[in-house]
Amino acid sequence: MLLLDAELPDAQPLCFMPRRKDHEYSLDHFQHTFYLRSNREGKNFGLYKTKVRDERKWEVLIPPRDQVMLEGFTLFTDWLVVEERQRGLTSLRQINRKTREVIGIAFDDPAYVTWIGYNPEPETSRLRYGYSSMTTPDTLFELDMDTGQRKVLKQAEVKGFDADLYRSEHVWIVARDGTEVPVSLVYHKHHFRKGKNPILIYGYGSYGSSIDADFSSSRLSLLDRGFVFAIAHIRGGGELGQKWYEDGKFLKKKNTFNDYLDVCDGLLELGYGDRKQCFAMGGSAGAC
């Protein structure tokens, strides 16, 4: 990553840190301090700050954690907001930069995805973030981090959609090697009959890509005809961090397929679908 002093018209680009094998980092600058998301001490990334480029002088703000992936951050005058992924779901936390008070931002659905929005002005207490679930169209919220008041700025319009008619769930299925695999589901409340519904189970599990439980208007036609739709967050994806990805690649790639098959069996045993009407879907490098 190259730095350029915007106050000097003849400034030359300066490399913040030379490349090295397997090291990834992203960089922000605020109030004369660099803030870095880096995997130098752990595969799930930590957050650091420094005033100089010397890596030995980095200060740890959030250490890497085995069960939590640090996906992003944004800086405000009084607040640090971090976007994290754990237990198969994304989350947002606001951290007071003066008192170190930590507040988790609450969400309304069992299966969802959230992300930090575009926040170009750091001198504010208002955070904009995105939210979507299997029963909630893409929504842009604005949260006053000082008061906790939240309002909707914009939501994707879906003609004729009534969220109250649908239910989403987030469940765990134990795979054959004892590993718990998260699954996100959605179905029409009025059409669900335990063990009787056709079920479509989607699986990907490759390249560390996370298949999040977001909204899809094209899916509604299936749900309105009685289908249960499920996303199997199988190994090879990134839903549970870097290790989840690595446990589904190379010589461990069989875990991806075993997870998918075990999720199918597990959902049927729980009554989410009819064994004679279980359908699989996947594309590209997906599990199906």
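**Notes on the model**

1. Arg40 forms a salt bridge with Glu41, with the closest N and O atoms 3.9 Å apart; the term is used here for a side-chain nitrogen of Lys or Arg within 4 Å of a carboxyl oxygen of Asp or Glu. Arg40 counts as partly exposed at 26% relative accessibility, and Glu41 is likewise partly exposed, at 49%, where buried means under 20% relative accessible area, exposed over 50% and partly exposed in between, with a 1.4 Å probe and protein chains only. Salt bridges link Arg20, Arg40, Glu41 and Glu55 in a network, and a search of the whole structure finds 20 salt bridges.

2. A word on the basis of these values. This is a predicted model, in which local features need pLDDT of at least 70 and side-chain atom pairs count only at pLDDT 80 or more, while totals for chains, interfaces and linings use all residues. Residues are numbered from 1 along each chain as its sequence is written, and side-chain values use heavy atoms, with hydrogens and water left out.

3. Arg40 has a further contact, since its charged end sits over the ring of Tyr48, 4.8 Å from the ring centre; the criterion is NZ of Lys or CZ of Arg within 6 Å of the ring centre and within 35 degrees of the ring normal. Arg235 lies over the face of Trp244, at 5.9 Å from the ring centre.

4. An open sheet of four strands has the order 7-8-9-10 with antiparallel pairing, strands being DSSP runs of E of at least two residues, and helices runs of H or I of at least four, numbered from the N terminus; two strands pair if DSSP finds at least two bridges between them. Strand 7 (69–75) and strand 10 (102–104) are the edge strands, each pairing on one side only. From one strand to the next the twist averages 25°, with axes taken as lines fitted to C-alpha atoms and angles running from 0 to 180 degrees between N-to-C directions. Strand 9 (residues 89–96) and strand 10 run antiparallel and are joined by three bridges.

5. Arg93 stands opposite Gly104 in strand 10, and Arg93 also forms a salt bridge with Glu84, the closest N and O atoms being 2.8 Å apart. Arg93 is partly exposed at 22% relative accessibility, whereas Glu84 is buried, with a relative accessible area of 1%.

6. Arg87 forms a salt bridge with Glu180, with the closest N and O atoms 4.0 Å apart. This pair links distant parts of the chain, 93 residues apart, with Arg87 in the loop between strand 8 (79–86) and strand 9, and Glu180 in strand 16 (residues 180–188).

7. The whole structure contains 14 aromatic pairs, counted when ring centres of Phe, Tyr and Trp (its six-membered ring) lie within 6.5 Å, with planes under 30 degrees apart called stacked, over 60 edge-to-face and the rest tilted. The rings of Phe16 and Tyr25 have centres 6.1 Å apart and planes at 40°, so this pair is tilted, and both residues are buried. Tyr129 and Phe141 are stacked, at 5.4 Å centre to centre with 25° between the planes. Tyr129 lies in strand 12 (residues 126–133) and Phe141 in strand 13 (residues 136–144), so the pair ties together parts that are 12 residues apart in sequence.
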